[in-house]
Amino acid sequence: MADRYWRGLATDLWDGTAGTKWADTVGGAGGAAVPTAADDVFFDGTSANCTISGSRVAKSINCTGYTGTLAGASTPALTISGSLTLVAGMTLTYAGTTTFNATGTLTSAGKTLDFLITVNAPAATVQLTDTFAQGATRTFTLTAGTFDLNNQTATIGLFASSGPVARVLAFGSNSTLAVAEAGASAWSATGSNQAS
């Protein structure tokens, strides 16, 4: 496991090419390897804009201090094996798919996450730390594990959960969950091993 700090240029892609895009220290020189699923990724006050391209992985993504733009069209697929921490001062235009596959937290810092989200974390929990909002037409899929609202207010586009693997939607004692999309397809929970 290692730390990876985004350096890049204003037009650089987070793709499979390392180049000088990544450093292994804050403000360090580029030249580190592309992050793996075991690496913690940091976007900080010295990081440039970043566009995610292709299928990318990280143990966690932490944007503390970041004031740039995290972008990506509808096709990128991001898999996080831990936590995602966004901040108010950044710009988020990423529109791909994000999958959480291990225990971690999700901090959205007032950003609307206008992308597809999947929790596929067997025997693990993904927990909100603040108010959560997803794009109105985007689907939130719970495939395995626990999504813990942690007494937060959450708005999702559509909800989907199916299959034989254990799934839990945990509300806590004072959570609110709203589904933005109208109609019968806005909420779909089928199969066995469900709990809420």
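Is Phe43 buried or exposed? Phe43 is buried, at a relative accessible area of 1%, where buried means under 20%, exposed over 50% and partly exposed in between, with a 1.4 Å probe and protein chains only.

Colleagues, this is a predicted model, in which local features need pLDDT of at least 70 and side-chain atom pairs count only at pLDDT 80 or more, while totals for chains, interfaces and linings use all residues. Residues are numbered from 1 along each chain as its sequence is written, and side-chain values use heavy atoms, with hydrogens and water left out.

I turn to the aromatic rings. Rings of Phe, Tyr and Trp (its six-membered ring) pair if their centres lie within 6.5 Å; planes under 30 degrees apart count as stacked, over 60 as edge-to-face and the rest as tilted. By this rule there are 12 aromatic pairs. In one of them, the ring centres of Trp14 and Phe43 are 6.2 Å apart with planes at 50°, so this pair is tilted. Trp14 itself is buried, with a relative accessible area of 0%. Phe43 also pairs with Trp22: the centres are 6.4 Å apart and the planes at 65°, so the pair is edge-to-face. Trp22 belongs to strand β3 (residues 22-23) and Phe43 to the loop between β4 and β5, so the pair ties together parts 21 residues apart in sequence. Trp22 is buried as well, at 0% relative accessibility. One aromatic cluster is formed by Trp6, Trp14, Trp22, Phe43 and Tyr66.

As for the whole protein, it has 23 strands and 0 helices; these are DSSP runs numbered from the N terminus, helices being H or I of at least four residues and strands E of at least two. Of its 196 residues, 45% count as buried.
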